[in-house]
Amino acid sequence: MEFHDSGLLRFKQVSDMGIIHPLYKSTVGGRRNEDLVITGNNQPVILQQGSTVLKVDKNKTSITSDVGMEFVDPRTQNTLFSTDYEKHEFHLPKGVKTLNVQRASTERITSSASSDLKINVDGQITVRGNEGVFIMGKTIDFRTGGNIVLKAENSIVLNGSVMVSPSRLPTSTGELMYDDGTERYKLCMCADGTLFRVLVESRNMGCQTSVNPCGATF
């Protein structure tokens, strides 16, 4: 080993170590024209600083952090990837087609003009917006094995044609009773795409009601 006045500690031979506790703002690196090789003997290689952990395992590499992360090119100082969405727009690296996350907070999710944006989940997905949720595209297709729930404090607006496959809708096995004490609502839509509901009080009841958000466009 070599000790330098600048605080640099250089290992000149292959070194076998267990856990290394670096000092404040320590840096691990190699020579300019040589690779730095760090291996784990049947164990993952873990680099940790506070709550930020880089774990290199046999089949995957994972990074977790509570304070965010940023990858910077050391030569150009250009930011390659950052979780600071207020300063940088996130783009998937070239060749990466799938992003797997448990929870994400961002202002916008978009795909390129020549490809589709697909969001798949094994269980349930919830999309929330502090100032509303806007979904735009040439074709928007929702497919689920359960329920699709749309909730809004004010209104839900659908701008464009809406198609529902009747074969996928559940049907009643018997005669509907309107006096069993159960409230039923009919989904209605204004000419501008605004959705609203009407309490069903009798058979063959339509959407004509004096209380609706359509105004003159109904």
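Residues are numbered from 1 along each chain as its sequence is written, and side-chain values use heavy atoms, with hydrogens and water left out. Because the model is predicted, local features need pLDDT of at least 70 and side-chain atom pairs count only at pLDDT 80 or more, whereas totals for chains, interfaces and linings use all residues.

With a disulfide taken as a pair of cysteine sulfur atoms within 2.5 Å, the count comes to 2. Cys188 is joined to Cys207 at an S to S distance of 2.0 Å. Cys188 lies in strand S9 (residues 185-189) and Cys207 in the segment after strand S10 (194-199), so the bond ties together parts 19 residues apart in sequence; strands are DSSP runs (E, at least two residues), numbered from the N terminus. The S-S torsion of Cys188 and Cys207 is about -85°, so this disulfide is left-handed.

In the disulfide between Cys190 and Cys214, the sulfur atoms are 1.8 Å apart. Cys190 belongs to the loop between S9 and S10 and Cys214 to the segment after S10, 24 residues apart. The torsion about the S-S bond of Cys190 and Cys214 is about -80°, so the disulfide is left-handed. In sequence order of the bonded cysteines, the pairing is 1-3, 2-4.

Cys188 has 2% relative accessibility and therefore counts as buried (under 20% relative accessible area, 1.4 Å probe, protein chains only). Cys190 and Cys214 are also buried. Contacts of Val198 (heavy atoms within 4.5 Å), not counting residues up to four places away in sequence, include Cys188, Met205 and Cys207.

Definitions and conventions. Helix = DSSP H or I, 4+ residues; strand = E, 2+ residues; numbered from the N terminus. Buried < 20%, exposed > 50% of the residue type's maximum accessible area, 1.4 Å probe, protein only.
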